[in-house]
Amino acid sequence: MSTFLPFKIDLSGKVAVVTGGSGVLCSGFAKALGACGAAVAVIGRNLEKAQKVAEEIVSEGGKAMGISADVLDKTSLETAREQIMEAYGACDILINGAGGNNPKGTTTKEYLFPEDLKEKTADVVTFFDLDFSGVQYVLDLNFLGTLLPTQVFAADMAGKPGAVILNVSSMNAFRPLTKIPAYSAAKAAVSNFTQWLAVHFAPVGIRVNAIAPGFFVTEQNRALLMKPDGNLTPRSEKILSHTPMNRFGTPEDLTGALLWLVDDKASGFVNGVVVPVDGGFAAYSGV
């Protein structure tokens with residue numbers, strides 16, 4: 001099946017680097033960029049998964065390679081950069097898509113109740129029980145996992161016509177969701193960092209924007225949103241009741257925003273924005 005493109009832009013001669021490229025959403029980004037003519041470097045911790053995405057791009061006539069690197073390990077990112085430089089040349093488009101949550105940075109209840117403080121039980125994790133290492137991991141993965149690849153790849157992008165960085169934030173960055181304080185805070189940092197980078201890099205011609213997906217079913221959150229039998233969890237029912245379009249997003253729902261933001265002809269004066277793609281979730285007050 002061909003990659004879905006709502007419209008096509010010409011990225012011939014461009015080199016795109018996609019971190020988190022083997023995930024559900026960012027593999028869609030990588031395939032869309034490849035279908036528009038970019039040479040795509042799919043970066044993931046699991047080489048086999050990254051290579052599989054690259055092979056799918058190649059099977060549709062594109063140019064791609066899978067690379068194993070850890071966005072929290074600058075040395076591995078520098079090695080990846082060398083591989084990409086040798087194969088394709090310097091990066092033009094950087095997609096900072098690596099990120100995620102950790103159960104150790106999550107509470108079991110939406111609210112703190114008095115009885116939770118009086119009667120400690122093993123199956124209840126309150127704010128006061130959050131694990132430091134889990135919270136730190138989430139903050140590092142999302143924020144430093146955006147900062148470090150930018151340090152490694154953006155120096156080559158300075159002064160290149162049409163150079164663009166696209167970060168992946170979240171609707172949690174606008175209003176934090178219950179239960180996931182670490183992830184919400186981390187994505188808020190990504191949104192703020194996007195604005196900072198846009199200002200900082202403007203004199204060298206690198207535009208920096210972000211996409212903030214709403215609720216999409218991925219491998220990371222499937223157990224939270226779907227029961228084993230495929231039915232919705234109570235949390236999913238609450239989410240959809242607050243999403244005017246009454247459905248979860250699909251990877252294809254992000255493609256149009258991606259292509260618009262990476263194309264200098266379409267969005268050449270768009271810089272430092274965080275674009276929500278959420279089916280109206282942020283607009284709905286609940287009443």
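In what order do the 7 strands of the open sheet lie? The order is β3-β2-β1-β4-β5-β6-β7, and the pairing is parallel. The model is predicted, so local features need pLDDT of at least 70 and side-chain atom pairs count only at pLDDT 80 or more, while totals for chains, interfaces and linings use all residues. Residues are numbered from 1 along each chain as its sequence is written, and side-chain values use heavy atoms, with hydrogens and water left out.

**The sheet**

- Strands (E, at least two residues) and helices (H or I, at least four) are DSSP runs, numbered from the N terminus.
- Two strands pair if DSSP finds at least two bridges between them.
- In the open sheet of 7 strands, the edge strands are β3 (63-68) and β7 (274-277), each of which pairs on one side only.
- On average, neighbouring strands of this sheet are turned by 15° against each other, direction ignored; axes are lines fitted to C-alpha atoms, for helices over the stretch in contact, and angles run from 0 to 180 degrees between N-to-C directions.
- Strands β5 (residues 164-168) and β6 (residues 207-213) run parallel and are joined by 5 bridges.
- I165 has V208 as its bridge partner in β6.

**Helices on the sheet**

- Helix α2 (residues 47-59) packs on the sheet and touches β2 (39-44) and β3, where contact means heavy atoms within 4.5 Å.
- The direction of helix α2 makes about 180° with that of β3.
- Helix α3 (residues 74-87) lies across β1 (15-19), β2 and β3, and runs at about 160° to β3.

**Two buried residues**

- Buried means under 20% relative accessible area, exposed over 50%, and partly exposed in between (1.4 Å probe, protein chains only).
- F248 sits in the loop between α8 (234-241) and α9 (255-262) and is buried, with a relative accessible area of 13%.
- Leaving aside neighbours within four places in sequence, F248 is in contact with F215, V217, L225, M226, L232, S236, I239 and L240.
- The C-alpha atoms of F248 and G279 are separated by 8.0 Å, and these residues are 31 residues apart along the chain.
- D116 belongs to helix α4 (residues 114-118) and is buried at a relative accessible area of 6%.
- With neighbours within four places in sequence left aside, the contacts of D116 are K109, Y111, V124 and T126.

**Salt bridges**

- The structure holds 9 salt bridges, each being a side-chain nitrogen of Lys or Arg within 4 Å of a carboxyl oxygen of Asp or Glu.
- One of them joins R81 to D156, with the closest N and O atoms 2.6 Å apart.
- This pair links distant parts of the chain: R81 is in helix α3 and D156 in helix α5 (residues 132-157), 75 residues apart.
- R81 is partly exposed at 25% relative accessibility, and D156 is partly exposed with a relative accessible area of 21%.
- E110 forms a salt bridge with K238, the closest N and O atoms being 2.9 Å apart.
- E110 lies in the loop between β4 (93-96) and α4 and K238 lies in helix α8, so the pair ties together parts 128 residues apart in sequence.
- E110 counts as partly exposed at 28% relative accessibility, and K238 counts as partly exposed at 43%.
- K120 and D129 meet through their side chains in a salt bridge (3.3 Å, N to O).
- K120 counts as exposed at 52% relative accessibility, whereas D129 counts as partly exposed at 33%.
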